[in-house]
Amino acid sequence: MADGRQAAVAGASDFPSGFLWGAATAAYQIEGAAATDGKGESIWDRYSHTPGRIEDGTTGDVACDSYARWREDVDLLAQLNLTAYRFSIAWPRVLATGRGQVNASGLDYYDRLVDGLLERGITPFVTLYHWDLPQALEDRGGWQSRDTAGAFADYARAVGRRLGDRVRHWITLNEPHIIAYEGYLYGTKAPGLSHAALVAPVTHALLLAHGLAVQALRAEARAAARIGLAVNVTAIESASDREEDVEAARTLDGLWHRWYLDPLYRGTYPADVRALLAMPDDLIRAGDLELIATPTDFLGVNYYTRVRVRAGHGRGPEPEVLPAEGQLTTMGWEVYPEGLTAVARRLHQDYAPGTLYMTESGAAYADTLAEDGAVHDPDRVRYLRRHLAAARDAIAAGVPLAGYFVWSLMDNFEWQRGYTQRFGLAYTDYATQRRILKDSGHYLAEVASANGARLVMED
Ligand code: FCB
């Protein structure tokens, strides 16, 4: 706690009043209860149970057991003085096979969670798709098929109908780029396919699903719905000023960022990336691009790190990405707070989404439970302090940033890395399922209660 306490001194807040202080999670990473109360199988259930796919051989079958322990999680959020919570809904809990009969008890769970949050004055941010596609839909083509977009709209409608009187903030998709690249090009996340030709059709189906869900939610949600999606944005820098390296950085930005943001905000796929990914012309049907560009209310930004790029061959269609240097987290990601400011400013300037939220930002470190019963994580305290300062700098530069969600509320199942990565503000003791606030959690609680005023800049 020492570091967090020293870091907290009084000062005027540079964050607008009403700025949301939050934490984020995702269903498969925390809920467990993989087959409880009528939940169907998801592609992550299938993938994590496939030998060799998960680094430590684990699954999300139990995870943080949040399906049973959600009240403790709400208590934790309250203890953290947070005013917002971003969580995701497991599609196969609501529709076991992805479409058809709605499973009321699956929705009951989220209904109770939403009420529990609202009772504590915590604003729910609901993500509809954080990667756990119903396996039955995958068996019929999954995101390779545009039919899945239609199924997603029906699912969005069912959720909107049930929760839309109380939930105002909706995120349709989490990180379409990671879904397409890791799920279908590199095979490192579910469903674990690797074909370069899949990136374009999968992206298109995802973005259609987004557009249809925006319309479905607008029609169903009774509270004034605020709808957006969350994209992962990396600070991409060229390794030198050489023209070919600058061009390589532009290419990677195209593959990772413009490929998603241009259709969403400009109604067109960038021509250079279409060529690189060999997007077939007949993929886009009349009306598709208008649907994808349906106006939204905010952009969610997940920011973690930077990469440096130079001309040369990297993975698949990508130019060469240099090995990360400097201070690294246990994910191997460089700590680079300046990139958060740069990314936020760029998104505001190029796409003007109106309102931005940092929907994820955080770091994994090798935390341990100390003899004094606390979890001392000075690296994460420093990480948060520097990234919050970077967010403040973006606001000072005119970016309409309205909230900041730390990834994650507690240590959880980190996809193909299993339980090897601890991102939490709270330490999860998996043997007992006890959550223990780390020093960084205590630090954030002080910052949040003062609306960022007690945020100290010096290291
Ligand atoms: C993001 C994911 C989130 C978590 C963090 C570390 O890409 O959205 O679920 O795994 O990375």
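I began with strand β2 (residues 84-88) and strand β3 (residues 123-129), which run parallel and are joined by five bridges. I note here that the model is a predicted one.

**Entry 1. The barrel**

I looked up two residue pairs between these strands. Ala84 has Thr123 in β3 as its bridge partner. Arg86 stands opposite Phe125, which also belongs to β3.

I then asked how much of β3 is covered. Six of the seven residues of β3 are buried, and the strand is thus recorded as mostly covered.

I followed β3 to its next partner. β3 pairs with β4 in the parallel sense, over four bridges. Within this pairing I looked up Val126, whose bridge partner in β4 is Trp170.

Which strands make up the whole sheet? I traced a closed barrel of eight strands in the order β1-β2-β3-β4-β5-β7-β10-β11, and its pairing is parallel.

**Entry 2. Leu173**

Leu173 is placed in strand β4 (residues 169-174). Is Leu173 buried or exposed? Its relative accessibility is 0%, and Leu173 therefore counts as buried, since the cut-off for buried is under 20%.

What does Leu173 touch? Leaving out residues up to four places away in sequence, I listed Tyr129, Phe152, Leu206, His210, Leu229 and Ala230. I also looked up a separation: the C-alpha atoms of Leu173 and Ala209 are 8.6 Å apart, while the two residues are 36 residues apart along the chain.

**Entry 3. The open sheet**

I turned to another sheet. Three strands form an open sheet in the order β6-β8-β9, with mixed pairing. The edge strands are β6 and β9 (319-321), each of which pairs on one side only. Neighbouring strands of this sheet are turned by 45° against each other on average, direction ignored.

I looked at one pairing in detail. β6 and strand β8 (residues 306-313) pair in the parallel sense over four bridges. Glu237 has Arg308 in β8 as its bridge partner.

I also recorded which helix lies across these strands. Helix α11 lies across β6, β8 and β9, and runs at about 115° to β8.

**Entry 4. Helices α10 and α11**

I reminded myself that two packed helices are described by the angle between their axes and the distance between the axes. Helix α10 (residues 199-220) and α11 pack at an angle of about 40°, with their axes 11 Å apart. The crossing of α10 and α11 is right-handed. On the α10 side, the contact is made by Val199, Ala200, Thr203, Leu207 and His210; on the α11 side, by Trp259, Tyr260, Pro263 and Leu264.

**Entry 5. Helix α14**

How many residues does α14 have? Helix α14 (residues 338-351) has 14 residues, and reaches 20 Å from its first C-alpha to its last, close to the 20 Å expected at 1.5 Å a residue. Just after α14, Ala352 takes a positive phi of about 40°.

I listed the buried residues of α14 as Gly339, Leu340, Thr341, Val343, Ala344, Leu347 and Tyr351. To read this list I recalled that an α-helix has 3.6 residues a turn, so residues three or four places apart point the same way. What covers these buried residues includes β6 (235-238), α11 (243-266), β7 (298-302), β10 (356-360), α15 (378-396) and β11 (401-407).

**Entry 6. Helices α14 and α15**

I next looked up how α14 meets one of its covering elements. α14 and α15 pack at an angle of about 30°, with their axes 8 Å apart. That makes α14 roughly parallel to α15, because angles under 35 degrees count as roughly parallel. The crossing of α14 and α15 is right-handed. Leu340, Thr341 and Ala344 in α14 meet His387, Ala390, Ala391, Asp393 and Ala394 in α15.

**Entry 7. Arg380**

I ended with a residue placed in helix α15, namely Arg380. Why is Arg380 counted as buried? Its relative accessible area is 2%, and the cut-off for buried is under 20%. Not counting residues up to four places away in sequence, Arg380 touches Ala363, Ala364, Tyr365, Asp367, Arg422, Phe423, Gly424, Lys438 and Ser440.

Methods
Residues numbered from 1 in each chain as written. Predicted model: local features only at pLDDT ≥ 70, side-chain atom pairs only at ≥ 80, totals over all residues. Heavy atoms only, no water. Expected span 1.5 Å × (residues − 1). Buried < 20%, exposed > 50% of the residue type's maximum accessible area, 1.4 Å probe, protein only. Contact = heavy atoms within 4.5 Å. Pairing = 2+ DSSP bridges. Axes fitted to C-alpha atoms, helices over the stretch in contact; angles between N-to-C directions. Parallel < 35°, antiparallel > 145°, perpendicular 65-115°, else oblique. Left-handed = near helix turned anticlockwise from the far one by under 90°.
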